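Thanks, everyone. Please have a look at the structure.

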Amino acid sequence: MKKIVSILLVASLITTIFIGCSRNKENTQVEDHNMLSSGIQETKPFHSIALTDEIIELADGFSAIQYVGDYGFDDFLKQGGASSDSEVAAFLMDNILSDSGSFLFDGNPFGCSTLSVQDTNGNSLFGRNFDWNTCNAMIVQSRPENGYQSISTVNTDFISMSGINLSELPDQTQALAGLYIPLDGLNEMGLAVSVNMIEDRATIEQNTDKPDITTTTAIRLLLDKAANVEEAIELLSSYDMHASLGYMVHFAIADRTGNSVVVEYVNDKMVVTKTPVVTNFYLAEGEKMGLVHSNPTSVMKF
């Protein structure tokens, strides 16, 4: 049975959440607002969850943790980034998680939908689902020494190790690995980003003289360094993109002003299109426009 992990990220209210974080170094208040499930809005009771450096089980297969301090991402960027998931894993093993075993990143295809809307009070909202096979999800709240605070969602099934179950590792080790493979997130400036899959035999392998970055580390880059859509586009254009897991994907990006775009790579050329909704279609004008992922449950019609 498929599990749909759905998140509604409230960009206009996120400043309040992170101000609360700044006042308390040990605990982080994560606020649960209305969520979208299978395209149907359900009202959930408002409550707060205090995150610490220990994993909290929120539900079966769904957990959360915070990480405070340096997790080596600036060093990752300075050494040129990475052109593959294996290079990301090697960086982690050589520089950060040397005592944790051999990491591998792999996983099954996924189908997603995102939308950027405004409520009746003019607040900017960003929503996404992660719609495919059953998976284990972890929310990681990061408080880097040099970058914006953020929350991100990790499919921990994408992390495998040689002879070791990830869940057997220390909580902070799990959080560190998760920081390098987010599939979406929101930072304290109100920038939201999500990666959605497209079924296409092509992949993304840009090869110029720019530094390299992968799909998941690109999300970490934007969450740590970009305050709005314009800064996010500028950052992405400064790197050669390489698709994680070899999948063709595109990025849905929105900010607290309501500006929202999709960033796609058509024949390895970066193309930006303004849109409030992203599913599993190419949206860039041209020969691939409308090419759709085969999973019918991932398509939201408006």
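Start with Asp184 and Arg128, whose side chains meet in a salt bridge at 2.5 Å, N to O. By salt bridge I mean a side-chain nitrogen of Lys or Arg within 4 Å of a carboxyl oxygen of Asp or Glu. Asp184 lies in strand 14 (residues 184-187) and Arg128 in strand 10 (residues 124-132), so this pair ties together parts that are 56 residues apart in sequence. Helices (H or I, at least four residues) and strands (E, at least two) are DSSP runs, numbered from the N terminus.

Before I go on: this is a predicted model, where local features need pLDDT of at least 70 and side-chain atom pairs count only at pLDDT 80 or more, while totals for chains, interfaces and linings use all residues. Residues are numbered from 1 along each chain as its sequence is written, and side-chain values use heavy atoms, with hydrogens and water left out.

Are the two partners buried or exposed? Asp184 is buried, at a relative accessible area of 3%, and Arg128 is buried with a value of 3%. Buried here means under 20% relative accessible area, exposed means over 50%, and partly exposed is in between (1.4 Å probe, protein chains only).

The structure holds 3 salt bridges. Another joins Asp74 to Lys225, with the closest N and O atoms 2.8 Å apart. That pair links distant parts of the chain, since Asp74 is in helix 2 and Lys225 in helix 5 (residues 215-225), 151 residues apart. Asp74 is partly exposed at 22% relative accessibility, and Lys225 is partly exposed at 24%.

Arg220 and Asp224 also meet in a salt bridge, 3.2 Å from N to O. These two are 4 residues apart in helix 5, so about one helical turn separates them. Arg220 is buried at 0% relative accessibility, and Asp224 is buried at 3%.

Now helix 3, residues 85-95. Which of its residues are buried? They are Asp85, Val88, Ala89, Phe91 and Leu92. They cover an arc of only 155° around the axis, taken from the directions from the helix axis to the C-beta atoms, which puts them on the same side of helix 3. On the other side, Ser86, Asp94 and Asn95 are exposed.

Last, the loop between helix 2 (73-78) and helix 3, where Ser83 is found. Leaving aside neighbours within four places in sequence, Ser83 is in contact (heavy atoms within 4.5 Å) with Glu205, Asp212, Thr214 and His242. Ser83 and Ala243 are 160 residues apart in sequence, yet 8.5 Å apart in space, C-alpha to C-alpha.
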